[in-house]
Amino acid sequence: MASAYWLTNVRLESGFRYEEERIAGTTTELCHLKIEDGKIAQIVSADTALTDGLPQQDAKELLLLPAFADMHIHIDKTYYSGPWKACTPPVSIFTRIKEEQELLPKLLPTARQRAENMLGLLLSHGSTQVRTHCNVDQVIGLKNLEATLQATETYAAKQSHEIVAFPQHGLLRSDSVALVREAMRMGATHVGGVDPATVDLNIEKSLATIMELAVEANAGVDIHIHDPGHLGTFTFRRLAAMTEEAGWQNRVTISHCIGLADVSPQEQAELAELFTSVGISITSTVPINRATIPFPILKEKGVSVSLGDDSITDHWSPFGRGDSLERAGRLAERFRWSNERALAETLGFITNGVTPLNSEGQRVWPAVGDTMSGVLVHASCSAEAVARRVQRQAVLFHGKVVSGSV
C-alpha cells in the first residue's frame, strides 16, 4: 500500500441523537480519510471530490473504531493451534505450578509457533496492542522468553507488544530474581510478580524486590495479585506506598486485583482514590466465577482500567477466544450498561481509554494527526459493536491493512 492514500467512505461517529432530552442513539457521517506515513493527514466529507490522484481504498461505509488492546495474556504456554486438551480440575495455584514443571519443557519445541498463532488470532479480532506475560522460572529458564521475543518480532509490523517477565512460580519462592533481571536485559519491558503473600510468603520483600528490579531496568511493573479480601488490599496499599517512594507513578499495573471485590464499597472507593493518586492501573478479565471488581467505582474515581484475555485454552483454562470486543461486551452485561452512552463508553476499556465520542457527545477520535490504527466493523455505532460483538472486516495498524481486507 502507498505511503499516502485515501480511505474513502468511512463511517465515523459524530454525536448522540436525542429524543425527549434522552440519548436515543448515535449519529454518524461518511468521510474520506487521507492517510500519510501512517497518520491521518486530512478528514473530509464523503461528498468531497478527490482530485489529487492518490490511491483510494473504499471502506464501503463500514464503521471505524479505535484499534483494540489486549492488556493481559499469556502467549507462551497455550495449547492454541495444537491438539484439543481440557484442563484438570483446579485445586490451587500450587497445583498449577507443579503441573508446569512437567508441561513447559514439553511445550517448548512449538512455543514460538503457538505464540505466533495466538498473536494472529488477537490481530484478526482487532487487537494491535498486546501485553503478554511470559514465564521466567527455574524450570524453563529464559527459553519461553526467547520464543516470545521471536514471535513478537514476526508481528512487529502489525502489532505493538509489551512483554512482562513473569515469575509464575514465585519471584522469591523459586529464586528467580537473577532470571528476571536477565530477562529485562534481553528485551522484556515490564517486571512481573505473583501474590507476594500467598506465593512468596513475604509481602514486603517480594514487593520491594519487584520495585528494585523495575527501577534498575527503568521498566514498568505488572504484578498478578489474586489474594482475596484484606490480605489483597493490604498488599495493594503497600504497593502504592512503594510506588510513590520509588517515583514510579503511572508505571505500575495490578493484574486481577481480586481482593478489591471482597471489601466494602467505602474501602473500594478509598483504594480507587489511592490508585488514582499514584497512577496505579488495573487489568481485569471480568471473571464470572467470583465477585467482580467494582468497575463503576473505579471508573468514577478515574482509575485506568483495561481488559485482557489471560489464559486461552491452556492448562489453566480451556476457554477464551482472544476477542477483546467480546470481553467488553461481557463487562457491559455484568454491570447492566445497556444504554447507548454506557455501551459506547465501555469500548474505552479495550482501547486504552480512546472512544470516538467524549462524555459530551463530541467526536474526539479520529482526528488529524492521529496514528491510523483502527478496526472497520459491521456496525452502525460503537454501542452496537460492543453489545453485539460484531464482525470485523479489516484491521489497520499505522495506516496499513494488517488483517482482513477493504
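This is a predicted model: local features need pLDDT of at least 70, side-chain atom pairs count only at pLDDT 80 or more; totals for chains, interfaces and linings use all residues.
## The second largest pocket

Residues are numbered from 1 along each chain as its sequence is written, and side-chain values use heavy atoms, with hydrogens and water left out. Others that each supply at least two lining residues include strand 1 (4–19), helix 7 (265–278) and helix 10 (340–346). Helices here are DSSP runs of H or I with at least four residues, strands are E runs of at least two, and both are numbered from the N terminus.

The second largest pocket holds about 770 Å³ of space. Of its 39 lining residues, Val303, Ser304, Val305, Asn352 and Gly353 sit nearest the centre. A pocket is an open set of points on a 1 Å grid over the protein atoms alone where a 1.4 Å probe fits, with protein on both sides within 12 Å along at least five of seven lines; lining residues have an atom within 4 Å of a point. Volume is the space filled by probe spheres set on the points, which are joined across faces, edges and corners.

## The largest pocket

The largest pocket comes in at about 1300 Å³. Among its 38 lining residues, Thr285, Asn289, Asp310, Trp316 and Ser317 are closest to the centre. Helix 9 (324–334) provides the largest share of this lining, three residues.
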